[in-house]
Amino acid sequence: MVSLETEIAGIVLKNPLGLGSCRLGYTGAQLVLAARQGFGFITTKSISVEPRNGYIPPCIYRKGSYILNAEGLPNLGMKQTRNEIDFYNKKAGNDRVPLGVSVFGSSVEEFQTITEYLDSEEFEFFELNLSCPHSDPTKKEACYLVGQDPELTAEVVKAVRKRTSKPIFVKLTPSVLNISYIAQSAVEAGADVISATNTMPAMDIHTENGLEGKPVLSNITGGMSGQSLLPISLKCVYNIREKLTRTPLVGIGGVCSGESLVKYLFAGASAVQAVSVFYNDGGYSNFQRIIDELKLYMMKNDYETIGEMVGLTHKKIR
Ligand SMILES: Cc1cc2nc3c(=O)[nH]c(=O)nc-3n(C[C@H](O)[C@H](O)[C@H](O)COP(=O)(O)O)c2cc1C
């Protein structure tokens, strides 16, 4: 008998497949719809202190094995998001699954403000989106991502840790030389879980007649997700697990099948999040397919629990 149950930072999940942060988790009604699919856990769109409209289209570009996006972090802001969380908790009923609130700020103080404002609400964890741009004119690098700097990462996590006792998931960018040092910095500052990874900075350019030479996104550059991201994020999860053997990990990037989910478990993740596969053909029907493929893989290979698979690669190479 196969059990899909897993646990991350004390949160019990009925299966290891979560919905990652994106526009499918914007409103309370969308969160209820996502929970009804049967996800192990779900995450809101990243929210800021004030609402944001984001960039003008085109903000999403789908091509073959990847999606590029630069939405400019549109969101409802923390005040309205509180109502959406409330709606979710009232309406999800027996379908309710653990909920994470994804937070991004343009300063340490903004991260703190949001955490403090929402901390008393009913949800299971905060996920800090540290893959947002940081601009500090006193530093040489005038514009880089918060999660590319171990000190800034620690500063944000420490500040948030003071404002909440809920588990803190820290979501990192794959665009670093050695992600395990950034992860270590986050954990030493008080993070409970590392989510690896966000999208990879990327761009694409049209060649079609009439559009030739034009970037595919209005923001010119954006982040790459989908199957092309899988080997990159998989390495990140593997490297973090090598360094931080006791920290629970969430693998993110290109999960689109039972097999791709299993790869993240082998690399050391206890759960995964997926986004792009639900933007592709079939939408949410891909959820049950992935779960069915996962069960079949476990039955065929004599695994009874998710725990038996977590970190297998590390054991194989010792
Ligand atoms: C359209 C779109 C919007 C996204 N918005 C967010 C966001 O608001 N916050 C965040 O942390 N990640 C965001 N992501 C990144 C995803 O949560 C995820 O890390 C990334 O897409 C890799 O997973 P995937 O390959 O399964 O899509 C977004 C991704 C896409 C495609």
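This is a predicted model: local features need pLDDT of at least 70, side-chain atom pairs count only at pLDDT 80 or more; totals for chains, interfaces and linings use all residues.
Next I checked the neighbours of β7. Strand β4 (residues 41-43) runs parallel to β7 and is joined to it by 2 bridges. In that pairing Ile42 stands opposite Leu99. Strand β8 (residues 125-129) also runs parallel to β7, with 4 bridges between them. Here I found Val101 opposite Phe126.

I then turned to the largest nonpolar core, which has 86 residues. Leu128, Val170, Ile194, Val237 and Val272 have the most contacts inside it. I listed the contacts of Val170, setting aside neighbours within four places in sequence: Leu128, Leu130, Val157, Ala186, Ala191, Ile194 and Ser195. Nonpolar side chains tend to be buried together in soluble globular proteins.

For the ligand, I counted 26 residues around it, and Gly20, Ser46, Ser225, Val275 and Ser276 come nearest. I sorted the shell into 9 nonpolar, 13 polar and 4 charged residues.

Last, I looked up the whole chain. The protein chain has 10 helices and 16 strands, and 48% of its 318 residues count as buried. The C-alpha trace spans about 55 × 55 × 45 Å along its principal axes. Among contacts between residues at least 6 apart in sequence, 71% join residues at least 24 apart.

Key. Residues are numbered from 1 along each chain as its sequence is written. A nonpolar core is a set of buried Ala, Val, Leu, Ile, Met, Phe, Trp, Tyr and Cys residues joined through C-beta atoms within 7 Å. A residue is buried if 20 or more other C-beta atoms lie within 10 Å of its own, exposed if 12 or fewer, and partly exposed in between; C-beta atoms are placed from the backbone. Two residues are in contact if their C-beta atoms, placed from the backbone, lie within 7 Å. A residue is near a molecule or strand if its C-beta atom, placed from the backbone, lies within 6 Å of it. Ala, Val, Leu, Ile, Met, Phe, Trp, Tyr, Cys and Pro count as nonpolar, Asp, Glu, Lys and Arg as charged, and the others, Gly among them, as polar. Two strands pair if DSSP finds at least two bridges between them.
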